[in-house]
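Please look over the sequence and the structure below before reading on.

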There are 2 protein chains.
Amino acid sequence: MSRWEPDARGRLAQAAMELYRERGYEQTTVAQIAERAGVTERTFFRHFADKREVLFDGSQGLQRRMVAAVEAAPASASPLDALTAALAAAAELFLELPPEFPRQRQEVIAAHPALQERELSKLARLSAALGDALRRRGVAEPAASLTAEAGVAVFRVGFERWISGAADRDLAVVLRESLAELRALTARG
Amino acid sequence: MSRWEPDARGRLAQAAMELYRERGYEQTTVAQIAERAGVTERTFFRHFADKREVLFDGSQGLQRRMVAAVEAAPASASPLDALTAALAAAAELFLELPPEFPRQRQEVIAAHPALQERELSKLARLSAALGDALRRRGVAEPAASLTAEAGVAVFRVGFERWISGAADRDLAVVLRESLAELRALTARG
C-alpha cells in the first residue's frame with residue numbers, strides 16, 4: 001500500500017484525532033467529528049459505537065493479524081518462532097496507517113486513565129487470543145500463556161520505544177530487537 | 001495505630017468477600033459489610049475508600065515488597081536475579097493471607113469487567129514500579145522495562161496456575177517453575 005487514502009471511516013478517524021488534540025478528548029462530541037469529516041452523525045455510528053472506539057478501531061485488526069501469523073507458522077515452528085511471526089505481522093499493520101497516527105493516539109490515551117484501562121484490557125485480550133492460537137498448535141501450558149504474555153510484553157515495550165524514538169526506524173526492527181533483548185536477558189540468568 | 005485496627009481491617013475484608021460471594025459484588029453495600037464485620041460504616045471508610053478497594057487492598061503491599069526485593073538484591077545481581085528475588089517476595093506475601101482469599105478474590109474479579117480493568121491497571125503500575133527500581137540499579141532500557149514486563153507476565157501466569165491448581169502447592173514453587181519455563185522457551189528459539 002503506497003499512500004493512505006481515507007474513505008469515510010478513515011476521514012472520521014483523522015477528524016477525531018485532530019479534534020481530540022485540538023479541544024481535548026472529553027470536550028469533543030460525535031457531532032463535531034462527523035462535521036469535520038464531512039459526514040452525518042448517522043455515518044459515524046455506522047462505523048463506530050462511540051468516540052472512544054475510534055481510538056481502539058485497530059485493536060481487533062491487530063489481534064486478527066497476529067493470531068493469523070501464529071496459525072500460519074509451519075507445524076515445526078517453536079512457540080517463539082510463531083511469536084516472532086506474530087510480531088512481524090503486527091509491524092506490517094502499522095505501515096498501513098498514517099505515520100503520525102500511532103503517536104497521536106498514544107498521547108490521547110496517555111492523558112486519560114479510562115482510555116489507558118481500555119488499552120490494557122485490549123492487550124490482555126490480545127494475549128489471551130495468542131495463547132489460544134498457540135494451544136491450538138499443541139503448545140502446552142504454561143508455555144502457551146507465557147509465550148503469549150512475553151509477546152505482548154515485547155510488543156508494548158518495543159512499540160513504546162518506537163513511538164518515543166526517532167521516527168525513521170522500522171517498527172519491525174525495533175520489535176525484533178526487543179525480542180532479542182528479552183532472550184539475552186533470560187539467557188543471562 | 002492502635003492494636004485492634006488490623007483486626008477490624010481483616011474482619012472487613014473477610015465480611016466483604018463473604019457478601020460478594022453470597023449476594024454478588026454489585027448488590028453488596030458498605031453498610032452490609034460493616035454490619036457483618038461488627039463495625040460502623042465510619043470504620044469501614046477509615047480503612048477503605050470504597051467497596052472496590054477492599055479487593056485491591058493488597059496490590060500496594062505486593063508492589064512495595066517486590067520493589068524492595070529488587071532494591072535489596074546485591075549490586076552484582078543480574079536483572080533476572082533481581083526479578084527472581086521479587087517473585088519470591090511476592091510468594092511470601094501470599095503466605096500471610098487466609099488461604100482461600102486469593103481464589104475467592106479472583107472469582108469476584110473474573111465476574112466483573114470493571115474489576116478486571118482495575119486489576120490490569122494495578123499490574124501495569126506494578127510493572128512500571130519494577131522497571132523504575134531496575135533503572136535505579138543502573139539497568140538500561142529496554143532491558144529494565146522488558147524484565148519488569150516479563151516479571152509481571154510470569155507472576156500472572158504462575159498465579160493463575162496456582163489458583164486453579166491443587167491447593168497444596170507453594171506459590172513460590174509455581175512462580176519459580178514459570179520463570180524457568182519462560183527461560184526455556186526463549187532459549188529454545
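Domain bounds here come from an automatic or database domain assignment. This is a predicted model, in which local features need pLDDT of at least 70 and side-chain atom pairs count only at pLDDT 80 or more, while totals for chains, interfaces and linings use all residues. Residues are numbered from 1 along each chain as its sequence is written, and chains are lettered from A and ligands numbered from 1 in the order in which they are written.

**Domains of chain A**

- The assignment divides chain A into domain 1 (1-51) and domain 2 (55-188), and the centres of these two domains of chain A, taken over C-alpha atoms, are separated by 26 Å.
- Eight residues of domain 1 of chain A are in contact (C-beta atoms, placed from the backbone, within 7 Å) with nine residues of domain 2 of chain A.
- On the side of domain 1 of chain A that touches domain 2 of chain A, seven residues are nonpolar, none is polar and one is charged; Ala, Val, Leu, Ile, Met, Phe, Trp, Tyr, Cys and Pro count as nonpolar, Asp, Glu, Lys and Arg as charged, and the others, Gly among them, as polar.

**Contact between chains A and B**

- Contacts between the chains join 28 residues of chain A to 28 residues of chain B.
- Helix 5 (79-95), helix 7 (113-136), helix 8 (143-164) and helix 9 (171-188) of chain A each give two or more residues to the side of chain A that touches chain B, where helices are DSSP runs (H or I, at least four residues) numbered from the N terminus.
- Helix 8 of chain A provides the largest share of that side, ten residues.
- By class, the side of chain A that touches chain B holds 13 nonpolar, eight polar and seven charged residues.

**Symmetry**

- Chain A superposes on chain B by a rotation of 180° with 0.0 Å of shift along its axis (RMSD 0.0 Å), by least squares on the C-alpha atoms of residues with pLDDT of at least 70 in both.
- The two copies are therefore related as by a two-fold rotation axis.
- The same surface serves both copies, since 100% of the contact residues of chain A recur in chain B.

Key
Two residues are in contact if their C-beta atoms, placed from the backbone, lie within 7 Å.
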